[in-house]
Amino acid sequence: MPMYIDPHIHLVSRTTDDYEAMHKAGIVATIEPAFWLGQPRTEVGSFKDYFSTLVGWERFRASQFGIVHYCTMGLNSKEANNIPLAEQVMELLPLYVGKEGVVAIGEIGYDDQTEAEDRFYRVQLELAKEVDLPVLIHTPHRDKKRGTTRSMDVAEEHGMDPGWIIVDHNNEETVKEVLDRGYWAGFTIYPHTKMGSERMVEIVKQYGPERIIVNSAADWGISDPLAVPKTADLMRKMGIPEEHVQMVTYKNALAAFSISGQMHEDDWLKAPPIDQTKKMSGNSVLRGGQVPRVEGPSDRVEN
Ligand SMILES: [Zn+2]
């Protein structure tokens with residue numbers, strides 16, 4: 001059974017049914033970028049608790065379903081526009097970027113391409129350099145082409161190495177420049193609209209599998225936490241070689257984010273079996289009367 005990594009998924013918004021389905025579909029590891037919650041936060045304490053959840057409870061919750069959870073830390077571009085709050089978040093961030101399982105600074109970049117967004121994007125690029133972490137760039141949905149180019153221009157102004165940057169939410173308009181300039185190119189599969197699996201197949205056919213990374217970016221909106229394995233299946237059906245399928249749905253994500261030193265294949269190949277009797281600070285994923293799932297060594301296929 002092939003293994004997959006979903007390198008962009010907002011799991012705090014997803015259910016345990018999603019976790020079970022993802023595990024069953026072969027997703028072994030996930031990366032959860034810090035982002036916004038659908039409505040703006042009003043206090044720095046909300047960021048603090050959110051960041052703590054990403055390195056704490058959500059990491060534990062994923063492990064209870066056999067999935068290794070990593071995250072990226074950063075102030076998203078939308079909320080960068082609340083300048084007084086953003087300044088406080090910048091003071092908080094350094095306390096979280098060194099935590100276990102933090103594989104990048106992100107998702108950062110531009111939304112409306114305002115002055116404030118530009119300011120906090122630059123501050124966070126400097127933070128990434130300081131702590132030796134790769135960067136996950138969120139490219140804007142409006143005026144995408146210009147915003148994507150600008151994200152890379154500014155990163156280079158700050159002396160960043162393109163090999164340390166994953167430019168996300170690409171489409172047919174942006175992919176060529178991103179690859180030509182030496183960056184990793186992330187693609188989000190949006191069900192029903194925009195960037196669907198079919199278009200992803202065409203992109204891999206045209207550009208090949210080098211430095212291309214597929215993700216679901218599943219969150220609280222209409223999205224599909226199985227987008228990565230589903231796209232892989234479609235690629236196989238459309239005749240893309242297995243080696244290429246594995247590069248864009250597993251190997252490239254591992255290569256890009258393992259630069260952080262926080263992500264290793266052994267994290268899942270040698271993971272302890274699922275044990276839902278475990279608790280974190282006295283809390284478990286089980287509700288009254290449910291039977292915990294406890295995997296024996298024989299439940300796992302040796303790799
Ligand atoms: Zn996202």
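A pocket is an open set of grid points with protein on both sides within 12 Å along at least five of seven lines. In this predicted model, the second largest pocket has a volume of about 430 Å³. Of the 20 residues lining this pocket, F35, W36, H138, H141 and D219 are the closest to its centre. Across the whole structure, 25 salt bridges are found.

**Pocket lining**

- The lining of the second largest pocket comprises 6 nonpolar, 9 polar and 5 charged residues.

- K230 and D224 form a side-chain salt bridge, with an N to O distance of 2.7 Å.
- K230 is partly exposed at 44% relative accessibility, whereas D224 has a relative accessible area of 15% and is therefore buried, the limit being under 20%.
- The side chains of R293 and E295 are joined by a salt bridge at 3.6 Å, N to O.
- R293 is partly exposed, at 36% relative accessible area, while E295 is buried, at 10%.

**Salt bridge with an exposed lysine**

- K270 pairs with D266 through a side-chain salt bridge of 3.5 Å, N to O.
- K270 has 63% relative accessibility and so counts as exposed, a class that requires over 50%.
- D266, with a relative accessible area of 40%, is partly exposed.

**Salt-bridge network**

- Side chains of opposite charge can pair when their charged atoms come close.
- A network of salt bridges links K145, D153, E156, E177 and R181.

Terms used:
Residues numbered from 1 in each chain as written. Predicted model: local features only at pLDDT ≥ 70, side-chain atom pairs only at ≥ 80, totals over all residues. Heavy atoms only, no water. 1 Å grid on protein atoms, 1.4 Å probe; cavity = no way out; pocket = protein on both sides within 12 Å on 5 of 7 lines; lining within 4 Å. Points joined across faces, edges and corners; volume = space filled by probe spheres on them. Nonpolar A, V, L, I, M, F, W, Y, C, P; charged D, E, K, R; others polar. Salt bridge = Lys/Arg side-chain N within 4 Å of Asp/Glu carboxyl O. Buried < 20%, exposed > 50% of the residue type's maximum accessible area, 1.4 Å probe, protein only.
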